[in-house]
Amino acid sequence: MKKKIIIGSAILFILIVIIIIILIFTNNKITVVLNGKETEKIEVLSSYNDKSIHVKKGKKLLSKNKYKVSIKSNVDTSKIGKYNVIYSIKVNGKKYDLNREVDVVDTTSPEIVLSATEVERDYCTKKDKVPITYTVTDNFDQDINDKVVIEEKDDKLIYKVSDSSGNTTEKEVVIKYGEIPSNKFTLNGKSKVRVIVNKEYKEQGASYTDGCGNKIDAKITISGNVNTNVEGTYTLTYKVDGMDSINRTVVVTHYDPKNIYLTFDDGPGAYTRKVLSELDRYGVKATFFVTNQFPGYQNLIKEEHDKGHKIAVHTYSHRYKEVYTSVDNYINDFNKMNEIINEKTGSYSKLFRFPGGSSNTVSRKFKEGVVTEIASEMTNRGYIYVDWNLSSGDADVKSNSEKIISNVVDRVDSCNYNCVILFHDYKKTTANAIGPILEELTSRGYTFSTLDENSPTVHFKIAN
Ligand code: ZN
């Protein structure tokens with residue numbers, strides 16, 4: 001029993017001694033430790049401050065004067081790369097070596113400065129009105145402006161640039177499109193075309209241009225049809241999907257080179273009845289552009305109409321200084337005459353003739369541009385004006401019946417198709433000339449028609 005106790009005490013003693021030795025040993029152990037990390041990453045072009053090392057004896061920090069450190073370093077922060085810092089430490093005559101890796105890296109992204117964050121783009125040309133400009137700066141790379149890649153996606157421009165270390169920056173510019181111009185759909189040629197019976201109708205088509213000016217005529221379909229063998233008014237409809245359709249009126253009529261339109265202005269007056277009886281004698285129908293210049297003769301309007309002549313408006317007063325002072329004055333005066341026509345004939349007239357014709361320049365004295373304005377307003381209201389292409393010259397103070405006759409019969413052949421002849425039925429010289437004129441023209445095979453809305457319009461060039 002005693003023996004066992006002795007052995008146990010000895011073991012305990014030995015253990016205690018071992019522990020004491022270990023404690024003494026560890027308390028005196030020299031360790032050299034890096035300050036900071038074993039591998040340090042630092043940004044290129046920054047300055048590198050080495051954190052050095054510290055030495056411990058046991059758990060205690062050893063004062064710096066107790067050891068010597070020499071440091072060898074090849075760190076160059078101006079260049080990207082891996083470098084080493086080698087520490088040689090001498091403590092109590094013993095040498096220690098430590099090593100640290102320093103990685104000089106570039107983790108800073110380049111910077112893009114854009115001239116704007118929005119760009120307005122022309123819808124048609126797809127060109128930017130004020131193109132975006134940019135400058136790129138990088139902490140390390142030299143000029144990398146030319147490395148910028150521009151991508152377009154979902155109405156955005158994406159400016160992307162990467163530096164030599166792969167650091168990437170992206171910036172967006174929103175694309176705003178300008179106004180989308182509207183499409184145009186128009187007829188080629190006139191909206192109202194006349195074709196002589198049995199002559200060919202030539203389709204001129206229509207043109208469809210998108211807002212950007214691209215012609216896409218192939219998309220046009222035409223419906224309706226024209227029978228040139230049958231007199232009548234035909235409508236052709238031009239259609240493009242998604243656009244309003246447009247129409248052309250084609251009037252197939254009988255008129256021939258031998259057809260003449262006789263027109264009488266300024267009446268009814270003192271010689272209108274004589275003119276009417278001459279016309280009757282030859283069975284000829286004419287067109288009367290009537291006025292109220294001779295109020296006592298207004299009943300003749302009904303007579304003209306009843307005999308099958310056409311009544312059209314030549315204004316009520318026929319006074320330039322009244323009708324040409326404004327569009328309103330013209331229209332008021334015009335309407336006054338058309339009321340009388342309606343009263344006498346049962347319907348208003350769509351046809352009219354300007355006092356002095358549409359090319360008169362007298363109107364300039366009263367208002368600059370007034371004829372142009374009247375013509376446009378009256379056309380908008382659906383009225384049609386007709387000038388003439390052969391004047392009998394009967395308004396000339398020096399004219400006489402012989403002169404009027406020769407003016408007409410000598411020149412009528414050069415009128416070609418649409419001969420519209422101007423006379424004035426309030427004049428005695430005219431009334432006396434009409435018989436011989438009709439005698440001559442009928443013997444030459446001419447025929448006579450009244451003007452209507454489908455007649456060929458003879459227009460002067462408006463001069464005011
Ligand atoms: Zn007149």
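The exercises below concern a predicted model and work through its disulfide, a helix pair and its domains.

**Exercise 1.** Find which cysteines form a disulfide, and work out which parts of the chain the pair ties together.

*Solution.* Begin with the general idea that a disulfide is a covalent bond between the sulfur atoms of two cysteines. Next, place each partner: Cys-124 lies in the loop between strand S9 and strand S10, while Cys-212 lies in the loop between strand S16 and strand S17, so the pair ties together parts that are 88 residues apart in sequence. Finally, the angle about the S-S bond is -80°, and the link of Cys-124 and Cys-212 is left-handed.

**Exercise 2.** Decide whether Cys-124 is buried, partly exposed or exposed.

*Solution.* Buried means under 20% relative accessible area and exposed means over 50%, with partly exposed in between. Cys-124 has a relative accessible area of 29%, so Cys-124 is partly exposed.

**Exercise 3.** Describe how helix H7 and helix H8 meet.

*Solution.* The axes of H7 (residues 401–409) and H8 (residues 428–443) come within 8 Å and cross at roughly 35°, and the crossing is right-handed. Among the residues that make the contact are Ile-404 and Val-408 of H7, together with Ala-433 and Ile-437 of H8. Sorted by class, the contact has eight nonpolar, four polar and one charged residues.

**Exercise 4.** State what distance separates the centres of domain 1 and domain 2.

*Solution.* The domain assignment gives domain 1 as 28–105 and domain 2 as 111–177. Taken over C-alpha atoms, their centres are separated by 45 Å.

Key: Residues numbered from 1 in each chain as written. Predicted model: local features only at pLDDT ≥ 70, side-chain atom pairs only at ≥ 80, totals over all residues. Heavy atoms only, no water. Axes fitted to C-alpha atoms, helices over the stretch in contact; angles between N-to-C directions. Helix = DSSP H or I, 4+ residues; strand = E, 2+ residues; numbered from the N terminus. Left-handed = near helix turned anticlockwise from the far one by under 90°. Contact = heavy atoms within 4.5 Å. Nonpolar A, V, L, I, M, F, W, Y, C, P; charged D, E, K, R; others polar. Domains from an automatic or database assignment. Disulfide = S-S within 2.5 Å. Buried < 20%, exposed > 50% of the residue type's maximum accessible area, 1.4 Å probe, protein only.
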